[in-house]
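Please consult the sequence and the structure shown here while reading.

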Amino acid sequence: MLFHHHGYVSTDPRVQPAAGVGIDRSPELPEVMDVLVVGSGPAGMTATAQLAAFPAVMTCLIDRRPHRLEIGQADGIQARSVETFQAFGFAEEITAEAYDLTEMNFWKPDPQNPDHIVRTARTVDDPAGVSEFPHLIVNQARVLDYFARYARNAPSRTEPYWGWEFVELEVGEGEHPVTVTLRRTGESPESGTNPGEERVVRAKYVLGADGARSGVRRDIGAQHVGAVSYHAWGVMDVLAETDFPDIRTKCAIQSRHGSILLIPREGGFLFRMYVDLGEVGPDDARAVRKTPLEEIVRQANAIVTPYSVDVKDVAWWSVYEVGHRVTDRFDDVPVEEAGQRDPRVFIAGDACHTHSAKAGQGMNVSIQDAFNLGWKLGQVLSGIAPAKLLATYTAERQQIAQDLIDFDREWSSMMAAKPEELESATALEDFYVKTAEFPAGFMTEYPVSLLRGEAVHQDLAAGFPLGKRFKAHPVKRVCDTNPKHLGHQHTADGRWRVYAFADAAASSAPDSALRAWAEWMDSPESPVHRFTPEGKDLDALFDVHVVYQQPHEEVELMRTPSIFRPKVGPFQLSNLNKVWAVDPADDIFEARGLSRDGVVVLVRPDQYVAHVLPLGATAELAQFLERIYTA
């Protein structure tokens with residue numbers, strides 16, 4: 001975390017100075033705004049937090065609840081989400097209070113006594129080491145609290161407006177073309193208001209993060225594609241006395257009586273059970289949802305025989321049927337009009353994709369939807385990027401949602417099957433290990449587009465695949481010799497990261513390929529000078545770093561090119577924190593397959609690799625960014 005460059009700070013540095021719309025911001029919901037976010041779930045809260053980093057953008061988050069969420073239904077936090085938490089500055093804090101999931105065990109009928117279950121396999125949760133971050137279990141409410149804190153402490157000082165529900169919207173013309181009708185739901189922190197009161201507000205853009213029954217989705221005419229499977233599950237968060245030995249380990253339990261997915265919860269005592277309630281008829285008309293808690297507990301005990309679960313307290317429970325649906329688009333532009341006009345209304349999270357909870361993807365994918373859209377809206381509304389950038393949201397995220405549906409359909413079907421119905425005795429655990437990278441959040445690979453270049457030079461940085469998230473790796477910061485993960489400095493501030501991996505020449509060499517590239521980057525022709533907003537610091541849009549092949553003792557910091565030591569803040573102090581060296585014990589050039597002739601890796605604000613280029617390909621870098629930032 002960098003601070004003091006605007007003057008001495010003696011208070012919490014995470015509380016940034018108010019700026020732009022955050023100065024003297026009124027607690028009253030305004031009539032006109034830049035972005036209206038409907039729904040304070042994972043998608044809505046993440047988007048709000050990202051937009052809060054843009055001081056010029058007036059973002060308003062509404063929710064029909066009268067206050068913060070207290071008990072969340074989602075609890076699985078995949079490693080990709082923890083990477084995202086790192087960008088928002090709270091990964092360490094939430095990890096400290098979460099349950100760290102390191103192993104998954106499998107239980108099946110005992111061949112000697114099929115009415116009883118026995119442990120048949122233990123699997124490591126991340127056998128391939130896809131991330132340095134853990135797989136966590138923590139209440140959704142706490143995740144939302146941390147994002148809310150980030151938005152509250154950001155320059156725009158964004159707070160939710162509780163007690164407002166969405167009624168309808170209409171997209172028209174003008175500077176604020178989206179007209180939205182809202183209604184009071186009950187008690188609210190605002191004084192002098194009455195339940196049922198309606199109010200009309202106008203926005204430049206609207207994000208519908210209002211759940212599976214989204215009113216925003218309804219009003220833009222987006223259609224769900226998919227169906228509900230006729231298989232029901234009961235889910236409960238409980239405190240219980242039990243002799244089941246793996247109660248504090250994630251387990252897939254398959255017995256003659258059905259299946260259970262067991263998820264230990266944070267705090268050391270609470271755990272969640274997804275309990276198989278069996279097939280339901282197509283004419284059930286949701287009657288299965290009236291299944292009493294006592295029946296779910298009875299079924300759970302039958303499945304875990306010869307063990308027992310004596311439930312003492314229930315924090316939350318529900319019954320649901322598995323649904324697999326994705327909408328035909330994620331914005332208000334009809335498919336036949338795509339590319340002909342810019343979108344004004346978007347949907348994210350459960351509003352555009354629904355699936356089972358057992359793969360632990362709902363909250364995680366929703367967070368990535370919002371991270372993808374948030375920086376794009378922020379740049380467009382701040383006047384940095386043209387509105388065409390917004391069309392990439394549906395283009396990128398709809399396919400990811402479809403991939404999730406396909407994965408979840410297979411996983412949930414296998415979980416619901418009897419052991420004898422699977423193709424082999426180890427089919428379930430084999431599938432879990434084989435597909436580990438997908439549920440961890442790392443199989444996302446955006447295609448060639450406005451925001452992703454062709455893989456012509458991918459061999460120069462084989463370990464940073466184009467379209468996939470930038471995988472961090474240990475390096476040494478030269479100025480203070482601190483070991484850090486390159487990538488952990490990539491905060492959710494809406495900036496691109498440009499990582500220049502140097503050729504073999506010394507840092508002081510006057511004629512190296514790196515120095516020639518750096519001098520061009522610091523020239524009037526470069527994207528840095530052409531697209532950085534006037535009056536902003538040189539690194540306000542492009543955060544440019546260098547990694548040398550030599551150990552830090554051999555890098556002469558003050559003889560490195562000035563683009564890596566930009567002057568920032570009102571006192572124009574040199575930022576020395578962008579010059580890196582290899583960690584000899586774990587050379588990033590070797591680990592990530594980086595060319596010893598040097599290479600540039602361009603990374604989007606949401607941490608996905610946009611381009612890989614040789615140091616000499618300055619024209620290609622300029623052309624790629626011109627496509628994005630030229631209207």
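In this predicted model, Tyr 446 is buried, with a relative accessible area of 2%. Tyr 608 likewise counts as buried, at 2% relative accessibility.

Aromatic pairs come to a count of 22. One of them joins Tyr 446 and Tyr 608 in a tilted arrangement, with 4.8 Å from centre to centre and 55° between the planes. Tyr 446 belongs to the loop between helix H9 (427–434) and strand E19 (473–477), and Tyr 608 to the loop between strand E26 (599–603) and strand E27 (609–613), so the pair ties together parts that are 162 residues apart in sequence.

Other aromatic residues form one cluster: Phe 85, Phe 88, Phe 90, Tyr 146, Phe 147, Tyr 150 and Phe 371.

The protein chain is divided into the domains listed below.

| Domain | Residues |
|---|---|
| Domain 1 | 30–72 + 140–225 + 325–332 + 341–412 |
| Domain 2 | 99–137 + 230–322 |
| Domain 3 | 458–628 |

The centres of domain 1 and domain 2, taken over C-alpha atoms, are separated by 32 Å.

The structure also holds three cavities of 30 Å³ or more. The largest cavity has a volume of about 120 Å³. Its lining includes Arg 80, Glu 83, Phe 133, Arg 469, His 488 and Gln 607. By residue type, the lining of the largest cavity divides into three nonpolar, five polar and four charged residues.

Note on methods: Residues are numbered from 1 along each chain as its sequence is written. This is a predicted model: local features need pLDDT of at least 70, side-chain atom pairs count only at pLDDT 80 or more; totals for chains, interfaces and linings use all residues. Side-chain values use heavy atoms; hydrogens and water are left out. On a 1 Å grid over the protein atoms alone, a cavity is a set of points where a 1.4 Å probe fits but cannot get out, and a pocket is an open set with protein on both sides within 12 Å along at least five of seven lines; lining residues have an atom within 4 Å of a point. Grid points are joined across faces, edges and corners, and a volume is the space filled by probe spheres set on the points. Ala, Val, Leu, Ile, Met, Phe, Trp, Tyr, Cys and Pro count as nonpolar, Asp, Glu, Lys and Arg as charged, and the others, Gly among them, as polar. Domain bounds come from an automatic or database domain assignment. Rings of Phe, Tyr and Trp (its six-membered ring) pair if their centres lie within 6.5 Å; planes under 30 degrees apart count as stacked, over 60 as edge-to-face and the rest as tilted. Helices (H or I, at least four residues) and strands (E, at least two) are DSSP runs, numbered from the N terminus. Buried means under 20% relative accessible area, exposed over 50%, partly exposed in between (1.4 Å probe, protein chains only).
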